[in-house]
Amino acid sequence: MGITTRAVPTRAAIASGALTSVIVGASVPVTGMLQQYPLLTGQAMRYALGAVVLLGWVRLRGGRLPVPSRRDWPALVALVVTGMLGFNACVLYAQRYAEPGFVAAVLGASPLVLALVAPLLAGRKPAVPAVVGAVVVVGGVVVLSGGGSWHGPGLALALLTMAGEASFTLFAVGVVRRLGGVAVATWCCVIAAVAGGLLGTVFGGWQVPTVREGAALVVLGIVLTAVAFGLWYFAVAQLGADRAGVLIGLMPVAGLVASVALGAQELTAVALLGSVAVALGCVVGLRGRAADADRPPRVELAVQ
């Protein structure tokens, strides 16, 4: 028996974060299949399925799901309220008062919020590469989305959507460090399923989904929730919230690729320019070391 050290490759973390953004961005057409389905109960079913899949993954690997401590519960509940249920509701209602391009442009500012706020919450100065990269990403998203107009509460709802996107990561940072990404994703899904089910019973009610809606719920529950959540929190744990945040800019790029592939829109020079800017911002923002890179690597016992 000897002692070895294992460091998770940065490339794997970057790939995980990028894949998460691609999944979320490309899933927009799937989410649109639930426009006529009750919001809260639909979310409850989606997150319940995600929790089952994640629990099955934990058991399959022979592990046990860590139980959050008293200090973890407030962050988990806040994450669910703002970054999951609240975010989904804001996205839906924002598009009733603003063009999708405007909502996407405001949402694209979340990498800059993460680059500035996450380090401050951790008691350190923002990293220059992360901030510069986030600024470039934000500019690329604005160019890519084409901006757009809004009326009434459209601006406020778009800003709340952006805040919800950022809080999905910010509230998770400390808990992920203590419990691990899969555990955080699992407990958040459990909380969201219960809360969505209770609220949905009062507001919106339950109804049997159509085959189309049922297929959408299955895809969202397994791919967009169980897989994407686990991958994202893995990336955040390894890269830091500020560096991982720039990868959020890949969401509208993935949405553009999906739309072009489905024939829903044409690829324009402006959209291509915005996509290149987002890619450049990601390269710049991911330079340097993770926030916890000064920590010694985890020591594990390995049988030689």
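This report covers the cores, selected helices, salt bridges and a surface patch of one predicted model.

## Basis of the values

The model is predicted: local features need pLDDT of at least 70 and side-chain atom pairs count only at pLDDT 80 or more, while totals for chains, interfaces and linings use all residues. Residues are numbered from 1 along each chain as its sequence is written, and side-chain values use heavy atoms, with hydrogens and water left out.

## Nonpolar cores

A nonpolar core is a set of buried Ala, Val, Leu, Ile, Met, Phe, Trp, Tyr and Cys residues joined through side-chain atoms within 4.5 Å. Buried means under 20% relative accessible area, exposed over 50%, and partly exposed in between (1.4 Å probe, protein chains only). The largest nonpolar core has 55 residues, and the members that touch the most others are Tyr-47, Met-84, Val-184, Trp-232, Tyr-233 and Leu-247. Helix α10 (residues 181–202) gives the most to this core, with 9 residues. Another core, of 9 residues, lies apart from it and includes Val-30, Leu-34, Ala-216 and Leu-220. Helices here are DSSP runs (H or I, at least four residues), numbered from the N terminus.

Contact means heavy atoms within 4.5 Å. Leaving aside residues up to four places away in sequence, Tyr-233 touches Leu-79, Phe-168, Ala-172, Val-176, Gly-181, Val-184 and Ala-185.

## Helix α1

Helix α1 (residues 10–26) has 17 residues and reaches 24 Å from its first C-alpha to its last, close to the 24 Å expected at 1.5 Å a residue. The expected span is 1.5 Å times one less than the number of residues. Its buried residues are Ala-13, Ser-16, Gly-17, Ala-18, Thr-20, Ser-21, Ile-23 and Gly-25, and they pack against α2 (28–31), α11 and α13 (250–261). Ser-16 has a relative accessible area of 10%. Beyond residues up to four places away in sequence, Ser-16 touches Leu-231, Phe-234 and Ala-235.

Arg-46 belongs to helix α3 (residues 39–60) and is buried, with a relative accessible area of 8%. Not counting residues up to four places away in sequence, Arg-46 touches Asn-88, Leu-217, Leu-220, Gly-221, Leu-224, Thr-225 and Phe-229.

Pro-111 is in helix α6 (residues 110–121) and is also buried, at 1% relative accessible area. Its contacts, with residues up to four places away in sequence left out, are Ala-134, Val-137, Gly-245, Val-246, Ile-248 and Gly-249.

## Salt bridges

The structure holds 2 salt bridges, each a side-chain nitrogen of Lys or Arg within 4 Å of a carboxyl oxygen of Asp or Glu. Arg-178 pairs with Asp-72, the closest N and O atoms being 2.7 Å apart. Arg-178 lies in helix α9 (residues 173–179) and Asp-72 in the loop between α3 and α4 (73–97), so the pair ties together parts that are 106 residues apart in sequence. Arg-178 is partly exposed, at 36%, whereas Asp-72 is buried, at 2%.

Asp-242 and Arg-124 form a salt bridge at 3.3 Å, N to O. This pair links Asp-242 in helix α12 (residues 241–245) with Arg-124 in the loop between α6 and α7 (128–145), 118 residues apart. Asp-242 is buried, at 2% relative accessibility, and Arg-124 is partly exposed, at 27%.

## Surface patch

Val-53, Val-218, Val-219, Ile-222, Val-223 and Val-227 form a nonpolar surface patch with about 380 Å² of accessible area together. Patches are made of residues with over 30% relative accessible area and no salt bridge; like charges are joined within 9 Å, nonpolar side chains (Val, Leu, Ile, Met, Phe, Trp, Tyr) within 5 Å. Accessible areas come from the Shrake-Rupley method with a 1.4 Å probe, and for residues only the protein chains shown count as cover. Helix α11 (residues 211–239) supplies the largest share of the patch, 5 residues. Val-223, in helix α11, is partly exposed at 35%.

How values were computed:
Helices (H or I, at least four residues) and strands (E, at least two) are DSSP runs, numbered from the N terminus.
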